[in-house]
Amino acid sequence: MSKPFVLGIGGTTRAGSSSELVLRAALKEIEALGAETECVAGPDLILPLYAPENPERDPKAQRLIELVRKADGIVIASPGYHGSISGMIKNALDYVEDTAKDDRVYLDGRAVGCIACAYGWQATGSTLIALRTIVHALRGWPTPLGVAANTTTRLFSEDGDCSDAGLNTNLRILASQVMHFVHLSAALKETA
C-alpha cells in the first residue's frame, strides 16, 4: 500500500483557534503512524454557501472536494456553537455532495475521527453527536472514540504542543483508530 492520506477539516474563522490546534495535534499523531496529512482549517474554510443548483465552485471549494476525493481517512474538528457544529464546518461538509456521482460516493468506506471543542463540557457532547450523525449520513465510519476538548482549561503550551495528558491520550487513540481502519480497508481492497 502506498502511504495513506488523511485529511483534516476544522477550526473557526480565526486561524489558530482551539479546534484547529486540536485538529493539527490529531494529524501529528496520524503522521507518526505513517500517513501523509493535509489540514484544511480556519480561513481555508470560509467558503460561499453551498448551492447545489450552481455548479460553479470557488478555488477553495474545489481544493476541499479534491482532497476529500483523495482521502483514505478524515478527521473533522468543530467548535461547539450553541450546542452543535459551527455553520462553517457544516457548510464545508455540505460541499461533499459534489461527490454524489463519483465511484466512491461521499465519505463511503472511510474512517472519520470526530472532535468537538467547546468552552465547557455541555456543548462537546451534543457537537460530537451532530458530527457523528452527519458522518453517518455521508456514509462515513465514525471512529469508536470521539474526542471532546474542554477549552476552559489551557490545552496547549506557547509552542503549540498539547499539554493536556488526557487529551493527548484521546488524540492518540483516535489516530490509531483512523489508521487501523485505513489499513483494514486497504487490505480488503487488495483481496477483493
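**Terms and model**

A residue is called buried under 20% relative accessible area, exposed over 50% and partly exposed in between, with a 1.4 Å probe and protein chains only. The model is predicted, so local features need pLDDT of at least 70 and side-chain atom pairs count only at pLDDT 80 or more, while totals for chains, interfaces and linings use all residues. Residues are numbered from 1 along each chain as its sequence is written, and side-chain values use heavy atoms, with hydrogens and water left out.

**Cysteines**

With a disulfide taken as a pair of cysteine sulfur atoms within 2.5 Å, the count is zero. C114 takes part in no disulfide, as the nearest cysteine sulfur, that of C117, lies 12 Å away. C114 has 1% relative accessibility and therefore counts as buried.

For C117, the closest cysteine sulfur is in C162, at 10 Å, which is too far for a bond. C117 is also buried, at a relative accessible area of 4%.

**Helix 1 and helix 5**

Helices are DSSP runs (H or I, at least four residues) numbered from the N terminus. The axes, lines fitted to C-alpha atoms over the stretch in contact, of helix 1 (residues 18-32) and helix 5 (residues 165-191) come within 8 Å and cross at roughly 55 degrees.

Contact means heavy atoms within 4.5 Å. On helix 1, the residues that meet helix 5 are V22, A25, A26, E29 and I30. Their partners in helix 5 are L167, L171, R172, L174, A175, V178 and M179.

Methods: Axes are lines fitted to C-alpha atoms, for helices over the stretch in contact, and angles run from 0 to 180 degrees between N-to-C directions. Helices (H or I, at least four residues) and strands (E, at least two) are DSSP runs, numbered from the N terminus.
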